[in-house]
Amino acid sequence: MGFTIGGIREMRSSSRRRARSTEISAVAEYTGLWGWDVVPGARAVRAGSGRTDCSCGAADCSSPGAHPLAFGEELAAGAGWEKAAVAWAETPGAAILLPVGRSFDLLDVPEAAGRNALARLERMGLPLGPVAVTPTGRALFFVAPGAAGQLPDLLYRMGWDDASLDLRPLGPGDHLTAPPSDLGGHGPMRWLRPPSLDTADRPPQARLMVGTLAYACNRSVV
């Protein structure tokens, strides 16, 4: 039997329902299982001439699809599926954002350097937290809160303060676009090392991995 217009519409509607269910499940997992706060975020909207607009509606938005929605309801850690469903019903299609600086800070490095560092850290048997990768080629290592302020001193004490490193911290005021959400129209975020019950709410101290990350970043530009 051939496709009908009604059948195509039903397929599209079903696809949207599946996508929404996936988003809600991810939000409930982040809040209920991993103990993270979640914020509904704007999403990128493809416009004419290759331009990317933002669902926030601001014509001069500086971060299309990569910032919290002003009218979105933040979900606190512990919120379940029902609360996630209500919040995402009010902001359909919203990206999933995790506030940085509360349960974790982030160390942001090039993906290639991040993969090399992760393999080395695993061989060393050091405690590790989740690691996310962006569609733009970055790796984001979860570390204990406070890393953003500690990084300059850590690099100084380890002898990396004079090196030109593509290593930057993200802390209070920043947000992580969480998998499986799209990052600014570039594609979906992914986990390089998914969260686990052992590490999600207790990410490692930055001092345990800064040296290895700095070394990997330095090698990537040599």
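How much space lies in the largest pocket? About 370 Å³ lies there, where a pocket is an open set of points on a 1 Å grid over the protein atoms alone, at which a 1.4 Å probe fits, with protein on both sides within 12 Å along at least five of seven lines. The volume is the space filled by probe spheres set on the points, which are joined across faces, edges and corners.

This is a predicted model, in which local features need pLDDT of at least 70 and side-chain atom pairs count only at pLDDT 80 or more, while totals for chains, interfaces and linings use all residues. Residues are numbered from 1 along each chain as its sequence is written, and side-chain values use heavy atoms, with hydrogens and water left out.

**The largest pocket.** Select Ala66, Arg168, His175, Thr177 and Leu183, the closest to the pocket centre among its 19 lining residues; lining residues have an atom within 4 Å of a point. Next, colour strands S7 (138-143), S8 (168-170) and S9 (175-177), each of which supplies at least two lining residues. Strands are DSSP E runs of at least two residues and helices are H or I runs of at least four, numbered from the N terminus. S9 gives the most to this lining, with three residues.

**The second largest pocket.** Move to Glu23, Ala94, Pro180, Ser181 and Asp182, which lie nearest the centre of this pocket among its 10 lining residues. Its volume is about 160 Å³. Helix H1 (residues 5-33) gives the most to the lining, with three residues.

**The nonpolar cores.** Show the side chains of Tyr30, Trp36, Trp88, Ile96, Leu98, Leu106 and Leu176, which have the most contacts inside the largest nonpolar core, a set of 32 residues. Such a core consists of buried Ala, Val, Leu, Ile, Met, Phe, Trp, Tyr and Cys residues joined through side-chain atoms within 4.5 Å, buried meaning under 20% relative accessible area with a 1.4 Å probe, protein chains only. H1, helix H2 (81-90), strand S4 (95-99) and S7 each give two or more residues to this core. Then centre on Tyr30: leaving aside neighbours within four places in sequence, Tyr30 is in contact (heavy atoms within 4.5 Å) with Gly35, Trp36, Val38, Ile96, Leu98, Ala178, Pro179 and Trp191. Apart from this core lies another, of 26 residues, including Ala117, Val131, Ala147 and Cys217.

**The whole chain.** Finally, select everything: the chain has five helices and 10 strands, and 42% of its 222 residues count as buried.

How values were computed: Buried < 20%, exposed > 50% of the residue type's maximum accessible area, 1.4 Å probe, protein only.
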